[in-house]
Amino acid sequence: MNDMEKYNKTLKILITILALGFIVWFGGSIIRSAIGYDLFHPDAQLVLKENYSNEIKMHSVYLFSTLSLYTDIGYIAAFFASLSIMLYLRKQLKQHGWLFMSLVLFLVASPVQFYMIYSDIQLSLAVIYSNVKDFANPIVQEFFYDRFKSITLTTASSLAYLANITALLYVIWRPLDSSK
C-alpha cells in the first residue's frame with residue numbers, strides 16, 4: 001500500500017472541503033456566466049440587448065451578485081483546503097507529479113480569482129447594501145459590465161478558469177505519477 005492510499009481523517013476532510021468548494025465554485029460560475037451573458041446579444045461585439053429595461057438588467061446584476069456569495073465562499077474554501085493539502089503532503093509531491101501540478105495550476109490561477117472575488121464583493125456591496133438600482137451606475141459598470149466587455153479581464157479569467165479545469169483533470173487522470 002503506497003503512502004497516498006493511507007488517507008487519515010484530516011486529509012479526507014481537507015479533500016472533501018476542496019472538492020465541495022470546487023464544485024460549488026465551478027457550478028456557480030457557469031450559472032453566473034449564463035446570467036451575465038444573457039444581457040448581451042450573442043455576437044462578437046457583446047452589445048447589450050436593447051429590449052431589456054433597466055429593471056431587468058438590474059435584476060440580472062442582483063442575481064449575479066447574490067450568487068457570488070456561494071461561488072466566492074466555495075473558491076476560498078477550496079483555496080485554503082488546497083494550501084493545507086499541499087503542506088500536509090509536501091513530502092509526497094515529488095512522487096506524485098499530478099498532485100503537484102494540479103496544486104500549482106490551482107494556485108497560479110488564484111490571483112485572478114481573488115481579483116474576481118474582490119469585484120464580486122464591491123458589486124454586492126453596491127447592489128445589495130447600497131441599493132443601487134441603475135445599470136448605468138459607475139460601480140455596476142466597473143464591476144459587472146467591464147467583467148464581460150474588458151478583453152484583459154475576460155482573457156485572464158478564461159485562462160484562470162482553464163487552469164482550474166486542467167488542475168481538476170490532473171486529479172482525475174493522475175499523469176506524472178512516479179509511484180506506480
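**Reading the aromatic pairs**

Reader: Let's start with Phe148: buried or exposed?

Author: Phe148 counts as buried, at 6% relative accessibility. Buried means under 20% relative accessible area, exposed over 50%, partly exposed in between (1.4 Å probe, protein chains only). This is a predicted model, where local features need pLDDT of at least 70 and side-chain atom pairs 80 or more, while totals for chains, interfaces and linings use all residues. Residues are numbered from 1 along each chain as its sequence is written, and side-chain values use heavy atoms, without hydrogens and water.

Reader: How many aromatic pairs are there?

Author: Rings of Phe, Tyr and Trp (its six-membered ring) pair if their centres lie within 6.5 Å; planes under 30 degrees apart are stacked, over 60 edge-to-face, the rest tilted. Searching the whole structure gives 21 aromatic pairs. One of them is Tyr37 with Phe148, edge-to-face at 4.7 Å centre to centre, with 80° between the planes. Tyr37 is in helix H1 (residues 9-37) and Phe148 in helix H4 (residues 138-149), 111 residues apart. Helices here are DSSP runs (H or I, at least four residues), numbered from the N terminus. Tyr37 is partly exposed, at 39% relative accessible area.

Reader: And what about Phe135 and Tyr145?

Author: Phe135 and Tyr145 pair edge-to-face too, 6.3 Å centre to centre and 85° between planes. Phe135 sits in the loop between helix H3 (97-129) and H4, and Tyr145 in helix H4, ten residues apart. Phe135 is buried, with a relative accessible area of 5%, and so is Tyr145, with 18%.

Reader: Which residues form one aromatic cluster?

Author: Among them are Phe22, Trp25, Phe26, Tyr75 and Tyr161.

Notes. Helix = DSSP H or I, 4+ residues; strand = E, 2+ residues; numbered from the N terminus.
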